[in-house]
Amino acid sequence: MLVFVSCAILFPKINNTPLHDWDESRHAINALEMIKSGDWITVTYNHEPDMANIKFPLGAWLIAINYKLFGVNEISVRLWSVIFTVLTTIIVYLWGSLIKNRWLGLLAALIFISSTQVAGLHGGVTGDYDAGASFFMTLSLFLFTIFYKTKNERPLFYSMAAVGVGTMYKSFVPGFIPLIIIFVCLLFSKEIRRLFNLKNILICAGIIAVIISPWLIARSMFD
């Protein structure tokens with residue numbers, strides 16, 4: 001039901017306006033120049049390294065793949081935002097169900113998908129990267145909640161993988177927000193030493209580094 005509601009809200013808006021003269025138009029150009037040049041390491045604008053855009057390249061990669069599959073159009077630019085928003089709606093439902101019950105999860109998911117910034121003219125239906133960043137942040141915190149409740153370390157490591165991929169999708173700032181929230185949660189729960197021992201810290205840092213370091217090194221070698 002949530003997938004149907006989300007798709008019914010988002011997909012009719014995916015192609016009803018031209019690209020806005022803001023981030024989504026710049027992202028569209030980044031991806032277009034990427035497939036024309038064949039350079040998937042350096043994000044460019046006007047065929048020069050895009051120094052005004054501090055975002056990591058995963059968002060541009062995904063749009064470029066859509067160009068290859070569906071052509072250069074508004075749907076290709078915005079499709080991943082819609083997909084990520086639908087997935088976030090499901091994660092919000094599962095997260096609320098885990099915290100309390102399915103009714104709380106359902107209510108939280110419906111509030112999320114009906115909010116103006118998600119279903120209006122920004123997060124969920126444009127080529128901006130906010131929808132993907134929100135998805136990876138939500139996924140990371142949901143997986144951490146599973147770890148916190150079960151004390152099973154595997155969801156913690158998956159949570160850190162979501163942090164790494166979220167950073168690759170947009171940048172350090174939204175990517176690392178879950179780390180701040182997790183630290184504050186553990187600090188106030190007084191369980192930081194029991195749950196976050198040195199081994200876990202090293203593994204978590206290693207997971208994030210393995211995901212983001214290859215591109216950082218390759219990009220740094222360019223200039």
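The backbone oxygen of serine 134 lies 2.7 Å from a polar atom of the threonine 138 side chain. This distance, like every value below, comes from a predicted model. Threonine 138 belongs to helix α7, which covers residues 130-150. Beyond its neighbours within four places in sequence, threonine 138 is in contact with Thr88, Ile91, Val92 and Trp95. Its relative accessibility is 13%, and threonine 138 therefore counts as buried, the limit for that class being under 20%.

Histidine 47 is located in the loop between β1 (44-45) and β2 (48-49). Its phi is near 65°, a positive value in a residue other than glycine. Lysine 151 lies in the loop between α7 and α8 (153-169), and this residue, also not a glycine, has a positive phi of about 65°. Histidine 47 counts as exposed because its relative accessibility is 60%, whereas lysine 151, with a relative accessible area of 36%, is partly exposed.

The accessibility values are collected here.

| Residue | Relative accessible area | Class |
|---|---|---|
| Threonine 138 | 13% | buried |
| Lysine 151 | 36% | partly exposed |
| Histidine 47 | 60% | exposed |

Definitions and conventions:
Residues numbered from 1 in each chain as written. Predicted model: local features only at pLDDT ≥ 70, side-chain atom pairs only at ≥ 80, totals over all residues. Heavy atoms only, no water. Helix = DSSP H or I, 4+ residues; strand = E, 2+ residues; numbered from the N terminus. Buried < 20%, exposed > 50% of the residue type's maximum accessible area, 1.4 Å probe, protein only. Polar contact = N/O pair within 3.5 Å; in protein donor to acceptor, adjacent residues only side chain to side chain. Contact = heavy atoms within 4.5 Å.
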